Amino acid sequence: MATVEQRKIRCWQGKIETEIEVSGDGPPVLFLHGPWGLRGDRKFLDRLAALHRVYAPRHPGTTSGDPEAIHRLDELWDLVVYYGELFDRLGLEAPALLGHSFGGMVACEIAATMPERAGKLVLIDPLGLWRDDRPVKNWMIMPEDQLRPALFAAPNGKAARRFFELPDESDARVEVQASFIWSQACTGKFVWPIPDRGLKKRIHRIAAPTLIIWGTADGIVSPDYAQDFAQRIANARIEPIGDAGHLPHLEQPDRVAQLVGRFLLD
Amino acid sequence: MKVCMFHLMPYRDLAPDFDQRYKSAYLDPVWFDVADPDKVGQYYNSTLDEMVYAARAGMHGLCTNQHHQNVYGFMANPSLMGSVLAKLTNGLNVAIVQIGSTLPSTSPPTRVAEEYALIDCISGGRLVAGFPTGLPTDATISNGVIPIEQRERYREALQLVLKAWQAREVFAWNGKHYQLPMVNLWPRPIQQPHPPIWIPGSGSATTVEFVVDRDDCFCHLSYFGARNAETLGDYYWDTVARKGRDANPYRLGFLQLIGVSESDAAAEEYAPHVEYFFHKLLYTPQYYQAIPGYQDYPSLMRVLKAPLRERFDLRGLKYKDFVDRGFLIAGSAATVRDQLTEAVKRLRIGHLLALLHFGSMPHQLCLKNIDLFCRDVLPHIEGLWDDEWQDRWWPQRLQVARPMASAADGGC
């Protein structure tokens with residue numbers, strides 16, 4: 001397992017503290033996590049860190065100790081500009097951007113707004129587009145018995161169990177529960193009630209070579225959306241992942257890490 | 001003390017298998033599969049009739065409320081109901097308690113300021129201005145408010161409403177959520193600087209702190225009865241003391257289901273209606289209520305560690321359980337007044353919000369409940385606190401001696 005450095009950076013006029021997990025060596029990759037926080041993604045990031053320097057910031061408000069930071073940003077435009085500032089502070093000129101779900105949407109917005117800041121783009125089951133014939137399921141109001149099969153091809157498999165498991169010890173349990181809920185609250189600020197903030201008007205600006213990864217059993221955002229993204233991005237290709245739902249990098253970490261690694265080094 | 005008639009305006013004739021067909025009383029039941037619009041028209045009219053009847057029978061106030069997309073209560077705009085009640089009760093010593101319009105989901109919120117001012121004008125200064133933050137299902141799902149913004153929208157909206165009521169000059173509002181170039185409200189409330197403000201809450205520590213800081217009346221809208229509200233009640237009064245406020249009972253309102261009959265045994269006539277209420281109407285699953293962000297971070301941590309409010313498996317309980325556990329205070333007038341007196345004293349309730357209509361209760365039984373309550377219970381409890389405390393959260397023009405309560409003389 002790669003050594004993980006927990007770096008903290010305060011930016012946005014000193015009003016937002018962001019923890020960034022930094023690991024590995026090699027070309028820089030910046031990973032933007034999904035609605036449920038960064039907790040479950042470590043195993044996948046460790047694989048990437050074998051050949052890359054991986055930066056995994058926590059979205060504003062989800063860094064432990066600064067939950068109110070989310071109120072320092074009002075809308076998606078603020079969030080994109082905030083990430084531009086964070087890139088500057090990290091000394092990242094044009095890293096590869098890798099985003100899952102909500103993080104995939106944010107990665108698209110960054111790459112469309114500042115095409116020069118995204119070397120490559122990897123989208124894992126991203127949010128951001130909307131089709132009336134394939135409405136995105138609202139994960140924030142789904143009971144666990146519906147959420148499990150939407151997130152995982154194997155709802156009771158190892159990855160699903162690990163994702164939903166809670167520690168026995170009460171303080172640790174509260175911490176995990178709070179992080180799970182508050183991460184959805186903070187990321188939800190930029191996508192509630194419909195995860196369409198107009199990316200379709202801006203997505204043509206994306207210039208980075210793009211890999212679109214989609215779990216074929218995604219029950220939140222239909223895999224049909226992969227084509228919608230690919231058609232709108234000039235240089236994009238799709239890799240469907242079998243036996244995976246909305247979290248293919250958790251359910252098939254080896255396969256996804258291998259595909260991403262190959263694409264990034266290509 | 002003051003006692004107000006509270007009404008949810010529920011769907012009264014759901015099919016017996018409703019709770020098997022639907023997982024939630026909110027959002028899922030489709031109107032055309034469940035509702036009969038002619039019946040709903042009758043419900044609205046019956047509700048208004050029952051409220052006016054209660055006013056004539058001696059209740060001190062009438063409470064309306066706002067909910068959406070559900071069978072449990074759908075006064076979608078309480079100002080519509082409140083304005084009718086204001087007109088029909090002119091000349092009576094009764095407050096119109098709007099508790100009320102949901103600020104975060106009304107844009108711009110000056111609309112609520114106008115509607116409330118209008119009701120205050122129609123009623124001759126009898127408005128109590130209630131400002132709920134709104135249930136998550138209503139505000140965030142039915143009205144699309146971003147959950148994590150609900151509370152800050154609410155606070156900004158309340159500031160805007162208060163300024164709009166009082167400002168002597170036209171002003172511009174440059175807020176985070178609302179921007180208005182020229183605010184000069186017409187009409188303004190008769191009651192200046194503003195009508196009494198009541199803020200409902202259901203168990204959020206943050207709301208308790210906010211209300212005590214503002215020195216408004218906090219209304220705990222629980223359906224689980226006074227006996228199950230002691231944790232929150234104690235927390236509330238501790239907060240009041242900690243912040244140096246006085247222990248005036250009128251700074252607390254509390255909702256209680258009440259059913260009065262000729263005897264304790266006869267009160268079983270309320271059994272099907274209270275079971276209908278808890279089994280069918282109140283059935284809203286956690287995933288529609290506990291939406292991430294609806295609580296701020298401190299309240300979230302508090303709920304995860306030590307909630308102020310207990311949760312119950314309502315469908316497992318029957319009439320006897322609801323009575324034995326204090327959800328419903330039911331029985332003869334003597335039983336009801338004894339239990340109410342104990343509850344009022346224990347929690348220090350100054351404003352009792354009596355839910356005298358609940359569930360599938362038919363119109364005639366509701367009128368009977370109002371009659372018996374106003375004739376045989378109200379006169380025994382309305383004097384509580386008055387020798388010690390003044391109600392600072394009540395319309396000034398209603399602060400006069402009231403005639404003895406008497407049973408309503410019909411008219412409905």
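User: A residue is buried if 20 or more other C-beta atoms lie within 10 Å of its own, exposed if 12 or fewer and partly exposed in between, with C-beta atoms placed from the backbone. Where does B:Q69 fall on that scale?
Analyst: B:Q69 is partly exposed, because it has 16 other C-beta atoms within 10 Å. One caution: this is a predicted model, where local features need pLDDT of at least 70 and side-chain atom pairs count only at pLDDT 80 or more, while totals for chains, interfaces and linings use all residues. Residues are numbered from 1 along each chain as its sequence is written, and chains are lettered from A and ligands numbered from 1 in the order in which they are written.

User: Which loop holds B:Q69?
Analyst: The loop between strand 2 (61-64) and helix 4 of chain B. Helices (H or I, at least four residues) and strands (E, at least two) are DSSP runs, numbered from the N terminus. B:Q69 has a positive phi of about 50° although it is not a glycine. Most residues other than glycine have a negative phi, and most peptide bonds are trans.

User: What about the phi of B:L27?
Analyst: Positive too, about 70°, and B:L27 is not a glycine. B:L27 lies in the loop between helix 1 (18-21) and helix 2 (31-34) of chain B.

User: Which kind of peptide bond joins B:I99 and B:G100, cis or trans?
Analyst: Cis, with omega about -15°. B:G100 sits in the loop between strand 3 (95-98) and helix 5 of chain B. The bond from B:W186 to B:P187 is cis as well, with omega near -5°.

User: Helices now. At what angle do helix 3 and helix 4 of chain B cross?
Analyst: Roughly 40°, and the axes of helix 3 (residues 37-57) and helix 4 (residues 78-88) of chain B come within 10 Å. Axes are lines fitted to C-alpha atoms, for helices over the stretch in contact, and angles run from 0 to 180 degrees between N-to-C directions. The two helices of chain B, helix 3 and helix 4, are therefore oblique to each other. Angles under 35 degrees count as roughly parallel, over 145 as roughly antiparallel, 65 to 115 as roughly perpendicular and the rest as oblique.

User: Which residues make the contact?
Analyst: B:L48, B:M51 and B:V52 from helix 3 of chain B, with B:M81, B:V84, B:L85 and B:L88 from helix 4 of chain B. Two residues are in contact if their C-beta atoms, placed from the backbone, lie within 7 Å.

User: And how do helix 4 and helix 5 of chain B pack?
Analyst: Helix 4 of chain B and helix 5 (residues 110-123) of chain B pack at about 10°, with axes 8 Å apart. Helix 4 and helix 5 of chain B are therefore roughly parallel to each other.

User: Is B:S204 buried or exposed?
Analyst: B:S204 counts as buried, because it has 22 C-beta neighbours inside 10 Å. Not counting residues up to four places away in sequence, B:S204 touches B:Q295 and B:S299.

User: How many residues of chain B are in contact with chain A?
Analyst: 19 residues of chain B, in contact with 21 residues of chain A. Helix 12 of chain B gives the most to chain B's side, with five residues.

User: What pLDDT does chain B average?
Analyst: 94, and 96% of the residues score at least 70. pLDDT is the predictor's confidence in each residue, from 0 to 100.
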